[in-house]
Amino acid sequence: MKGYQKKPQHIWLALFGIVLGLGALLKTVSAGEFSQAYIRLNRMAATTANSGILVVFTVPAGNSATEAKVVVEFSAGFTVAASPTITVTGIPAGATALPGTLVAAGSTTTLTVTGVTNLTAATQYAFILSDGVTNPSAGAHTATITTKTGADAAIDSKIVGLRVISDDQVTVSATVDPTFNWVLSGNSMALGTLSSSSVVSVASPITVTATTNGTNGWIGWVKSQNTGLTSASASNTIATSGTVDGAPTTLSTGAEGYVLDADLTTDSGTGDGTVTIAAEYNGGTTSAGGTLASTLTQFASSDGTTGGDVITLIPRATISTVTEAATDYTDTLDVIGAGNF
Amino acid sequence: MRTFLAAVIAATLFVQPNATHAQAASDANRFDLTVSPVFLTVSTTPGSTTTQQVKVRNGGPVAEDLAVSLMKFKAYSDTGQPELLNFDPTDDYATWASFSENRFTVAPGEWKTLNVTFTVPPSAGLGYYYAVNFTRANSPTPVAEGTTLIGSAAVLILLDVEVPEAKRSVELMEFYADHKLYAFLPSTLTLRLKNTGNIHVAPRGNIFIQRSNGTQVALLNINERLGNILPDSERVFTATWDDGFPLYIPKTENGTVLHDKKGRTEMKLKWDFTQTQKIRFGRYTANVLLVFDDGTRDVPIEGTVTFWVVPWPILLAAGLILYFALSGIYHSLKRRLRKHPLS
């Protein structure tokens, strides 16, 4: 019976202890302290002026006083200008703009915001100082945010930590190399069987694509190793027609001839360059093209950057009725490209 | 039926590898090189050695066995563009340049860096102009009954061997607008400059466009890209004043600028009504001011050209609207007076 009487006492004592412990663990919110507060400097570098300090605080539940001002006291070393600029534009989403006709005034390390109207309990408020506060030397610092009545009695407050460091900026650097890209879609073009009654053009011409971020553009040159279609077996050359005179040459059926036409397929709209086909190789018809020389001759160019200009090279040829028969008429063209200086 | 379908599937399986092989062969023949930088400007002194780096990338699908060679260039007409040439037997400066490698292999997608070393003799001086040429080391087999192409990509190098005798001098030969009278912008202003010195030079500057009352309305850049003019050659630079309403702009289709049968860029009139404050009207003066470094100071080059902008289509349309409006009012009043004459 004795043991039975002791047990209820122990239980009540234990329960009382648990309640006390829980009470100690719980985050008690005093009516005199913000439940949350922070200050975000927009520059953390030592002795640097800020241009957008964010002040945020949450009025505790149960607050019943009438706020009229907010005071921020920075620790020694900060400098607050006499008339800092205050705004509620740009505060974080979810925060309420500090209400009232706000006027900010500074004195040494203290900022006072007057004109504040009564704040609502359990509400997060924010405002921004657009200028007027200069950082101290590097180190750990603090600021105390306090709401006050019109009679200057403190209502709620909280001390927040601020860190000032020697350098708060990271330099990011990068390099873009100037480049020139030259692409030939293939390395051979078959003319097939030539005819004395028509001008034959390559059925599957090769394209040349130039791409560059070089601001002075690009140039393309062509040179013929044989200046004609040469047959080793027939010991004969269908020579290139005309001369390099800045004008294309029109082939005549029934007469031997060989020219190169350069067509502008794409003048890329990416970049600021404009393509020009050299007049010599701007054939214009299916019988015309430029004379092929044994020295490099310009066939196209551009005057600026490009994301991919495309030129189509079309060899054309015709023969006479007495041109020696052979199956090995061939020529080799050197096609060189470079960015302009 | 099943047998027929099986035969079709089998035939397809036999055809596909050939198509893939043809595509691979075609890709393997593609020549795709990227070089960097686009051009090099190098300064050195007589009797010294300088090494520069040039990079080449293989953009093709197969490894490329490349060879590097050297050519020279000079100015081509007044275009400011280079003319590539082989060295003459008397061009001793052809032997001044050497490469860290003359032949190498570059895997697909990879870059190769090459050192180009110029060993300049004590007797050298002024400018020497090279082209470093990258091409396939093995020439393709010439195709029968057709044309074979050998592709090359080059990097131009302007070598300045600094000597006291270097003379940098530029003259403005011509400065003009493409028209004397415009209805609408753009106006293209052209300068033709001549290098009357003995070393390449890169003048640059601005064109200031003013109204007749002296108010500046535009500032254009000339040769901000620092294009060089080779000695004893000319180069044409242009600038376009296109800050107006309405404005002629190039016609494009799928990102490509359209050209007419004569190769001229096709244009269209753009009406951006947020730019109505930029209606241009009246006489304008374009003043060009360029400078170049003659080795001791910046030397100015100046020129002036005038032109008119009269947006007559807008004036004509406004005039017609006003005419018809006034005409309508006049006839309306006339009818009223007939019905109700003044006593």
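Modeller: Between chain A and chain B there are 25 residue pairs in polar contact, both residues of each pair being at pLDDT 80 or more. A polar contact is a pair of N or O atoms within 3.5 Å; within protein, one must be able to donate a hydrogen and the other to accept it, and residues adjacent in sequence count only if both atoms are side-chain atoms. The side of chain A that touches chain B draws at least two residues from each of several strands, including β13 (180-184), β14 (188-190), β16 (206-212) and β26 (330-339) of chain A. Strands here are DSSP runs (E, at least two residues), numbered from the N terminus. With ten residues, β26(A) gives the largest share of that side. Sorted by class, the side of chain A that touches chain B holds 25 nonpolar, 26 polar and eight charged residues. In this sorting Ala, Val, Leu, Ile, Met, Phe, Trp, Tyr, Cys and Pro count as nonpolar, Asp, Glu, Lys and Arg as charged, and the others, Gly among them, as polar.

The model is predicted: local features need pLDDT of at least 70, side-chain atom pairs count only at pLDDT 80 or more, and totals for chains, interfaces and linings use all residues. Residues are numbered from 1 along each chain as its sequence is written, chains are lettered from A and ligands numbered from 1 in the order in which they are written, and side-chain values use heavy atoms, with hydrogens and water left out.

As for extent, the contact (heavy atoms within 4.5 Å) involves 59 residues of chain A and 52 residues of chain B. The two chains bury about 4300 Å² between them, and 53% of this lies on carbon and sulfur atoms. Of the area that chain A buries against chain B, 19% comes from L184(A), N187(A) and F341(A), more than from any other three residues. Buried area is the accessible area (1.4 Å probe) that two parts lose on being put together, summed over both.

One salt bridge is found across the interface of chain A and chain B. The term requires a side-chain nitrogen of Lys or Arg within 4 Å of a carboxyl oxygen of Asp or Glu. A salt bridge joins the side chains of K55(B) and D177(A), at 2.9 Å from N to O.

Strand β13(A) pairs with strand β1 (residues 31-36) of chain B in the antiparallel sense, over five bridges; two strands count as paired if DSSP finds at least two bridges between them. Within this pairing, V183(A) lies opposite D32(B) of β1(B). In general, strands of a sheet pair through backbone hydrogen bonds, either parallel or antiparallel.

The end of β1(B) has a further detail. The peptide bond from S36(B) to P37(B) is cis, with omega near 0°, and P37(B) sits in the loop between β1 and β2 (39-44) of chain B. Chain B has another cis peptide bond, from L185(B) to P186(B), with omega near 20°. P186(B) belongs to the loop between β12 (181-182) and β13 of chain B. Most peptide bonds are trans.

Note on methods. Helices (H or I, at least four residues) and strands (E, at least two) are DSSP runs, numbered from the N terminus.
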